[in-house]
Amino acid sequence: MKYLLLKHYRGAPAPVNDVPMDQWTPQEVSEHVRYMEDFAARLQAGGEFVDSQSLSPEGTFVRSGGAGRPPVTDGPFAETKDLIAGWMVIDVDSYERALELAAELSAAPGAGGKPIHEWLEVRPMMTSHAPTTE
């Protein structure tokens, strides 16, 4: 079963180490990125890693403006560029394993080299049959 692990800028409960990344030192950012890369490499070696990406804070919502009209951009709502920092897709044998890995990923280091203990959203990927969480 594949799961999406979402990392949020905001919109989730505050992490324990709640210092925004733009206030981290270059070394703290490097240590965080290294943790994420090492985590992904370990999952890849075990066959549980599918993909991951960090997202730029830039982005625009777009929808069709109708035939022959320009696209409509942005809107009166929270934008993903303000909310979603990145994601990882994992392929694991159980919901419990997805939770275990999300909790481990939550402990990536942040400011002061201390674990962030951020909240990650764990979402099953759609399949032709409903996922079970038991």
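Colleague: How many bridges join strand 1 to strand 5?

Modeller: Strands pair if DSSP finds at least two bridges between them; helices (H or I, at least four residues) and strands (E, at least two) are DSSP runs numbered from the N terminus. Here, seven bridges join strand 1 to strand 5 (residues 84-91), and the two run antiparallel. L6 has W87 of strand 5 as its bridge partner. This is a predicted model, in which local features need pLDDT of at least 70 and side-chain atom pairs count only at pLDDT 80 or more, while totals for chains, interfaces and linings use all residues. Residues are numbered from 1 along each chain as its sequence is written, and side-chain values use heavy atoms, with hydrogens and water left out.

Colleague: What is the order of the strands in the open sheet?

Modeller: The order is 2-5-1-6, an open sheet of four strands with antiparallel pairing. Strand 2 (49-54) and strand 6 (120-124) are the edge strands, each pairing on one side only. On average, neighbouring strands of this sheet are turned by 15 degrees against each other, direction ignored.

Colleague: Which strands do helix 1 and helix 3 lie across?

Modeller: Contact means heavy atoms within 4.5 Å. Axes are lines fitted to C-alpha atoms, for helices over the stretch in contact, with angles from 0 to 180 degrees between N-to-C directions. Helix 1 (residues 26-45) lies across strand 1, strand 2 and strand 5, at about 20 degrees to strand 5. Helix 3 lies across strand 1, strand 5 and strand 6, at about 155 degrees to strand 6.

Colleague: At roughly what angle do the axes of helix 1 and helix 3 cross?

Modeller: They cross at roughly 155 degrees and come within 11 Å. Helix 1 is therefore roughly antiparallel to helix 3 (under 35 degrees is roughly parallel, over 145 roughly antiparallel, 65 to 115 roughly perpendicular, the rest oblique). Helix 1 makes the contact through Y35, M36, F39, R42 and L43, and helix 3 through R97, L101, E104 and L105.

Colleague: How is a pair of aromatic rings described?

Modeller: It is described by the distance of the centres and the angle of the planes. Rings of Phe, Tyr and Trp (its six-membered ring) pair if their centres lie within 6.5 Å; planes under 30 degrees apart are stacked, over 60 edge-to-face, the rest tilted. The structure holds one aromatic pair. Y3 and Y95 form this tilted pair, 6.2 Å centre to centre with 50 degrees between the planes. The pair links distant parts of the chain, 92 residues apart: Y3 is in strand 1 (residues 2-8) and Y95 in helix 3 (residues 95-106).

Colleague: Is Y3 buried or exposed?

Modeller: Y3 counts as buried because its relative accessibility is 2%, whereas Y95, at 24%, counts as partly exposed. Buried means under 20% relative accessible area, exposed over 50%, partly exposed in between (1.4 Å probe, protein chains only).
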